[in-house]
Amino acid sequence: MNIIIIGPQGSGKGTQARMIAERFGISHVSTGDMLREIARQNTDTGAHIDLLIRKGSLIPDDIVTDLLSRRLSEDDCKKGFVLDGYPRNANQAKLLEVIAKIEAVIYLKLSDEEAVKRLATRFVCNKCGEIYGIVKQPAEEGKCDACGGDLYQRNDESEFAVRRRLEIFHKDTKPLIDHYRYKRLLHEINANQSIEQVFSDISLIVENL
Ligand code: AMP
């Protein structure tokens, strides 16, 4: 089962993708996580990607697609995957059709106002990637409930970078919603609900695929 999860930053994509992967035994493939890992490496490519991420700009399609294509050919993706962060524009959607067959697209719908509010208070675990924020707070401040790792704020979540990413979402990514609706693959979910309720709505869809 191959699924895409799509939505503005702050809509809970990462959190829901992890939950879907765990519940349905498929792999969570996040292009953002893969790119952040490269950005941490001490190489010219790493430095270039780091700069683009910090500005809230997109990484060139050929670089991301090449990375994704290699990842999707790994063994664990054969049983299925939930794709988080790709495609982000019409060109990437076209390229994806060549490398994978998608059965459903989950669209997490959220207003810009709510997205900005959520991102300003978002913290991520530096060990396991668990995400915390106004919707889900850690029991101990600055520490991950799941693994005890330290929580940090992503460097592309300054208000400037967030607004830039939302702008890109509306201009480049949102047209994909119509594309997938036309292809009868789209399932729209109200992301302005509790994590559990959003996950229950998604599960109903995935169970019936
Ligand atoms: P995300 O974690 O999905 O919000 O991605 C964080 C950042 O990684 C984005 O703001 C982009 O700079 C970069 N990125 C992630 N996925 C893609 C993609 N499919 N195409 C281009 N850039 C991407």
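Helices, taken here as DSSP runs of at least four residues, are numbered from the N terminus, and a residue lines a pocket when it has an atom within 4 Å of one of the pocket's grid points. With those terms in place, the largest share of the lining of the largest pocket, 8 residues, comes from H2. The structure is a predicted model, and its ligand sits in that largest pocket.

**The ligand and its surroundings**

- The ligand is surrounded by 17 residues, of which Thr31, Ser57, Gly85, Arg88 and Gln92 are the closest.
- Helix H2, which spans residues 31-40, gives the most to this shell, with 4 residues.
- Sorted by class, the shell around the ligand holds 6 nonpolar, 5 polar and 6 charged residues.

**Polar contacts and burial of the ligand**

- A polar atom in the side chain of Thr31 lies 2.8 Å from a nitrogen atom of the ligand, while Gly85 places a backbone N or O atom 2.9 Å from a nitrogen atom of the ligand.
- In the case of Gln92, an N or O atom of the side chain is 2.9 Å from a nitrogen atom of the ligand.
- The ligand taken alone exposes 480 Å², and the protein buries 97% of that area.

**The largest pocket**

- The largest pocket has a volume of about 920 Å³, and among the 48 residues that line it, Ser30, Gly32, Asp33, Arg36 and Arg154 are the closest to its centre.
- Two or more residues of this lining come from each of strand E1 (2-6), H1, strand E2 (27-30), H2, strand E5 (123-125) and helix H7 (159-182).
- By class, the lining of the largest pocket is made up of 18 nonpolar, 17 polar and 13 charged residues.

**The second largest pocket**

- The second largest pocket has a volume of about 190 Å³, and the residues that line it include Thr121, Phe123, Tyr132, Lys136, Glu141 and Leu151.
- Its lining has 5 nonpolar, 4 polar and 2 charged residues.

**The cavity**

- A search of the whole structure finds 1 cavity of 30 Å³ or more, and the largest cavity has a volume of about 240 Å³.
- Of the 18 residues lining the largest cavity, Gly10, Gly12, Thr15, Arg118 and Val135 are the closest to its centre.
- Helix H1 (13-24), helix H6 (112-120), strand E6 (131-132) and helix H8 (195-207) are the elements that give two or more residues to the lining of the largest cavity.
- By class, the lining of the largest cavity has 8 nonpolar, 7 polar and 3 charged residues.

Technical notes: Residues numbered from 1 in each chain as written. Predicted model: local features only at pLDDT ≥ 70, side-chain atom pairs only at ≥ 80, totals over all residues. Heavy atoms only, no water. Near = heavy atom within 4 Å. Polar contact = N/O pair within 3.5 Å; in protein donor to acceptor, adjacent residues only side chain to side chain. Areas by Shrake-Rupley, 256 points an atom, 1.4 Å probe, with all protein chains shown as cover. 1 Å grid on protein atoms, 1.4 Å probe; cavity = no way out; pocket = protein on both sides within 12 Å on 5 of 7 lines; lining within 4 Å. Sits in = over half its atoms within 2 Å of the grid points. Nonpolar A, V, L, I, M, F, W, Y, C, P; charged D, E, K, R; others polar. Points joined across faces, edges and corners; volume = space filled by probe spheres on them.
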